[in-house]
Amino acid sequence: VVLVGEGAHFSAGSDLQRLANDAAILPGDAAAHQLHALRSFVEALRAHPKPVIAAVEGAATAAGFSLALACDLIVAAEDARFTMSQGQAGLSPDGGGSWMLAHALPRALALQLLWLGEPVSARELQAWGLVNRVTDSGQALAEAMRLARQLATCAPNVLAATKELVNQARGLAL
């Protein structure tokens, strides 16, 4: 599975103005419903038995960054920028971003991304171990598809079992 944004960017995350408008118009907590849907999608990406690859061009911001983190592999263009900007909007991270960053990075780096909301380059995230491949601008999807074709030659049951083992590894003893 290759997850890609339409247009110049991967994803800007949640539409905060829409959430505010929906909450004012719809009965109940529309924002909570949308956050639950996002969480369900992130959980589905993590649990999917097939490899899931994010092809990131442009911006992956807030929940968009979380969606990329939920994927098994990230291929990003050289000029891609990743930002956890929820704090600047007075919100806590959504889409499991804080959980995934806390499990993937040293505490100080996770907090830096979550608290400061500064854009981080694909190269920097590659050095931290979050991005697998960095491509020229406009080539992230092509490289993600190449990886997907390579993975498609592997035994699907082995890919699924290995993904499950890695997903469960932090919570289990050897």
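These are my notebook entries on what I looked up in this predicted model.

**Ground rules**

I number residues from 1 along each chain as its sequence is written, and I work on side-chain values with heavy atoms, leaving out hydrogens and water. As this is a predicted model, local features need pLDDT of at least 70 and side-chain atom pairs count only at pLDDT 80 or more, while totals for chains, interfaces and linings use all residues.

My helices (H or I, at least four residues) and strands (E, at least two) are DSSP runs, numbered from the N terminus. I call a residue buried under 20% relative accessible area, exposed over 50%, and partly exposed in between (1.4 Å probe, protein chains only). Contact, for me, is heavy atoms within 4.5 Å.

**Entry: the nonpolar cores**

I went to the cores next, taking a nonpolar core as a set of buried Ala, Val, Leu, Ile, Met, Phe, Trp, Tyr and Cys residues joined through side-chain atoms within 4.5 Å. Which members of the largest one touch the most others? Of its 33 residues, I get Phe10, Val56, Ile74, Ala76, Phe82 and Leu101. At least two residues each come from α2 (30-47), β2 (53-56), α3 (63-70), β4 (73-77), α4, α5 and α6 (122-127). Helix α3 gives the largest share, 6 residues.

I then clicked on Val56. Leaving aside neighbours within four places in sequence, Val56 is in contact with Phe10, Ala68, Ile74, Val75, Ala76, Ala77, Ala80, Phe82 and Ala140. There is also a second, separate core of 6 residues, and I noted Ala55, Ala140, Ala144 and Leu147 among them.

**Entry: helix α5**

Which residues of α5 (residues 107-116) are buried? I find Ala110, Leu111, Leu113 and Leu114. They sit on the same side of α5, because they cover an arc of only 160° around the axis (taken from the directions from the helix axis to the C-beta atoms). Ala108 and Trp115, on the other side of α5, are exposed. The buried residues of α5 pack against α4 (97-104) and β6 (120-121). After α5 comes Gly117, and I wrote down its positive phi, near 65°.

**Entry: salt bridges**

I count a salt bridge when a side-chain nitrogen of Lys or Arg is within 4 Å of a carboxyl oxygen of Asp or Glu. How many are there in the whole structure? My search finds 5.

Arg39 and Glu43 make one of them, with the closest N and O atoms 3.1 Å apart. The two are 4 residues apart in helix α2, so about one helical turn separates them. Arg39 is partly exposed at 47% relative accessible area, and Glu43 is partly exposed at 42%.

Asp72 pairs with Lys163, closest N and O atoms 2.8 Å apart. Asp72 is in the loop between α3 and β4 and Lys163 is in helix α8 (residues 156-169), so this pair ties together parts that are 91 residues apart in sequence. Asp72 is partly exposed at 30%, whereas Lys163 counts as buried at 10%.

Glu78 and Arg123 meet through their side chains at 2.9 Å, N to O. Glu78 is in the loop between β4 and β5 (81-83) and Arg123 is in helix α6, so here the parts tied together are 45 residues apart in sequence. I get 36% for Glu78, which is partly exposed, and 40% for Arg123, also partly exposed. Finally, I noted one network in which salt bridges with shared partners join Arg133, Glu143 and Arg146.

**Entry: Thr135**

I found Thr135 in strand β7 (residues 133-135). Is Thr135 buried or exposed? At 9% relative accessibility, Thr135 counts as buried. Not counting residues up to four places away in sequence, Thr135 touches Val75, Ala76, Ala77, Glu78, Ala140 and Glu143. I also checked Thr135 against Arg123: they are 12 residues apart in sequence and 9.8 Å apart in space, C-alpha to C-alpha.

**Entry: Ser11**

Where does Ser11 sit? I place Ser11 in the loop between β1 (2-4) and α1 (16-25). Ser11 counts as buried, at 17% relative accessibility. Beyond its neighbours within four places in sequence, Ser11 is in contact with Ala59, Ala60, Thr61 and Gly64.
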